[in-house]
Amino acid sequence: MAVQTVTTASASTTTSAASVDLGPATALSCRECGHRVPLGPVFACEECFGPLEIAYDFSSYEAGELRRRIEAGPSNIWRYAPLLPVPADVADKPNLNPGWTKLVKADNLARELGVTGGLYVKDDSGNPTHSFKDRVVAQALEAARAFGFTTLSCSSTGNLAGAVGAAAARAGFRSCVFIPHDLEQGKVVMAAVYGGELVGIDGNYDDVNRFCSELIGDPAGEGWGFVNVNLRPYYGEGSKTLAYEICEQLGWRLPDQLVIPIASGSQFTKIDKGLKELVQLGLVEDKPYKLFGAQAAGCSPVSVAYKAGHDVVRPQKPDTIAKSLAIGNPADGPYVLDIARRTGGAVEDVTDEEVVAGIRLLARTEGVFAETAGGVTVGVTRKLIENGLLDPSLTTVVLNTGDGLKTLDAVADQGLTATIRPSLESFREAGLG
Amino acid sequence: MSVTVRIPTILRTYTGGQAEVSAEGANLGEVIADLEKNHTGIAARVLDDQGRLRRFVNVYVNDDDVRFEQGLETATPEGGSVSIIPAVAGGA
């Protein structure tokens with residue numbers, strides 16, 4: 001292959017667009033104005049700054065054959081490779097192979113919350129680095145390979161840093177990731193252990209994100225694949241696999257209601273995209289569904305905009321224990337508002353106390369230890385039921401996007417029930433028997 | 001007031017490939033108008049049809065997001081910097 005440098009949509013790459021094999025992906029299309037550019041490491045529209053999304057050619061797929069192909073695929077996200085921007089042989093490449101996590105039928109939690117229509121928790125703590133981020137990074141890694149990058153990078157609130165570090169280690173890439181300096185120690189350790197470079201920035205996540213956006217336009221960032229900046233159109237597609245899995249695990253059926261955490265809002269919009277694709281491809285029967293967004297009150301720009309009836313999101317300075325959701329200037333916020341309203345859902349927020357209560361409730365009822373983002377979705381689910389926005393008689397799926405071991409501080413005040421001498425007498429004295 | 005404006009990659013076709021250019025103006029609106037004089041077409045990329053900042057553009061004067069300040073009325077002190085950055089980055 002003749003390696004050449006081409007400039008398409010103002011991006012320099014070491015691989016020509018024509019040589020890129022990303023399966024059914026055909027181009028990048030602006031979500032705002034529809035302007036199309038060739039596949040490449042670009043993320044914002046050169047006409048209007050709108051987000052670029054993957055355009056696909058699914059025209060050759062027949063529903064029955066596609067379903068059989070998926071069901072015969074591996075027990076990870078690559079079973080959905082025909083619907084993703086990845087080459088057909090993606091499962092043979094070194095990758096963390098995330099996905100196909102448990103859909104827990106949460107009957108005990110349903111009883112506590114008064115849900116009668118079936119309540120499920122999609123537990124993405126079961127991914128290789130214990131958060132949903134492995135799904136999106138897996139897509140970005142394939143794009144990085146296709147575009148000839150050798151360094152994988154990102155701005156992160158912690159979970160993504162670990163996912164990038166691990167994926168880079170497996171794939172033989174250098175990794176250099178940027179995080180706010182004051183993250184939870186657990187997330188710092190879980191990112192650093194993979195041996196890549198981990199850089200703390202003296203600022204919040206939005207400051208880190210801004211820095212990465214500037215680095216990408218500087219010669220110092222040349223040759224770097226930032227999974228959530230210049231590879232963001234590919235990265236985001238990984239969240240569609242949550243929608244695919246939920247529907248397949250429900251027996252190729254759309255849920256009635258989903259409660260999804262909102263940070264940048266990307267996951268929310270891609271789950272909607274995934275659900276719509278399944279309908280368009282004839283893999284599930286079409287019916288209405290409602291998407292609900294969940295934020296922490298200390299970083300609730302989308303919830304505030306939703307409640308005020310606005311279609312733009314005013315940025316906030318985050319102050320919450322739910323640090324994985326602490327994006328004060330969410331890139332996809334306006335789209336979350338559009339989708340929540342279009343589907344008849346809502347966006348709600350809960351206090352840090354309610355987040356902790358949500359973590360404890362899920363752990364106590366279902367044996368699932370969620371990170372703070374999971375506490376947000378459980379807390380918001382309870383609140384939505386209480387205020388009549390979520391219908392307890394319908395099938396509802398609540399997302400837990402990360403493992404509670406990453407955010408131990410949130411529940412660190414909980415400890416021993418009692419300390420006793422190793423004797424039956426002491427056991428009884430403590431009221432335990 | 002003369003300021004340095006950092007230009008994102010997707011707008012460098014208007015600045016001859018330059019990542020930084022100088023512009024004049026007492027506030028952000030005036031700076032963008034001055035940019036347009038020297039780099040025709042750039043204002044329509046940054047501002048919408050009503051002359052407001054497009055919703056997927058972030059602009060910082062020195063280190064401050066102008067949406068937390070006075071938007072296009074945000075003062076641009078002599079010797080300061082203006083950064084224009086696509087907003088569609090990130091996802092924690």
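## A walk through chains A and B

Start where the chains meet: the contact takes 34 residues from chain A and 23 residues from chain B, counting two residues as in contact if their C-beta atoms, placed from the backbone, lie within 7 Å. Colour the chain B side by class and you get 12 nonpolar, five polar and six charged residues. Here Ala, Val, Leu, Ile, Met, Phe, Trp, Tyr, Cys and Pro count as nonpolar, Asp, Glu, Lys and Arg as charged, and the others, Gly among them, as polar.

Before going on, a word on what you have open: this is a predicted model, where local features need pLDDT of at least 70 and side-chain atom pairs count only at pLDDT 80 or more, while totals for chains, interfaces and linings use all residues. Residues are numbered from 1 along each chain as its sequence is written, with chains lettered from A and ligands numbered from 1 in the order in which they are written.

**Next, the two domains of chain A.** Select 6–57 + 133–235 for domain 1 and 102–130 + 239–411 for domain 2; these bounds come from an automatic or database domain assignment. Their centres, taken over C-alpha atoms, are 24 Å apart. Across the boundary, 19 residues of domain 1 of chain A are in contact with 20 residues of domain 2 of chain A.

**Now the six-stranded sheet.** Show the strands of chain A in the order S6-S7-S15-S12-S13-S14, an open sheet with mixed pairing. Strands are DSSP runs of E with at least two residues, helices are runs of H or I with at least four, and both are numbered from the N terminus; two strands pair if DSSP finds at least two bridges between them. Strand S6 (102–105) and strand S14 (346–350) of chain A are at the edges with a single partner strand each, so one side of each has no neighbour in the sheet. Zoom in on S7 (residues 119–123) and S15 (residues 396–400) of chain A: they run parallel, joined by five bridges. There, A:Leu119 sits opposite A:Thr396 in S15(A).

**Last stop, a helix pair.** Pick helix H12 (residues 352–366) and helix H13 (residues 372–386) of chain A, whose axes come within 7 Å and cross at roughly 90°. Axes are lines fitted to C-alpha atoms, for helices over the stretch in contact, and angles run from 0 to 180 degrees between N-to-C directions. That makes H12(A) roughly perpendicular to H13(A), the term for 65 to 115 degrees. Their contact divides into eight nonpolar, five polar and one charged residue.

Conventions
Angles under 35 degrees count as roughly parallel, over 145 as roughly antiparallel, 65 to 115 as roughly perpendicular and the rest as oblique.
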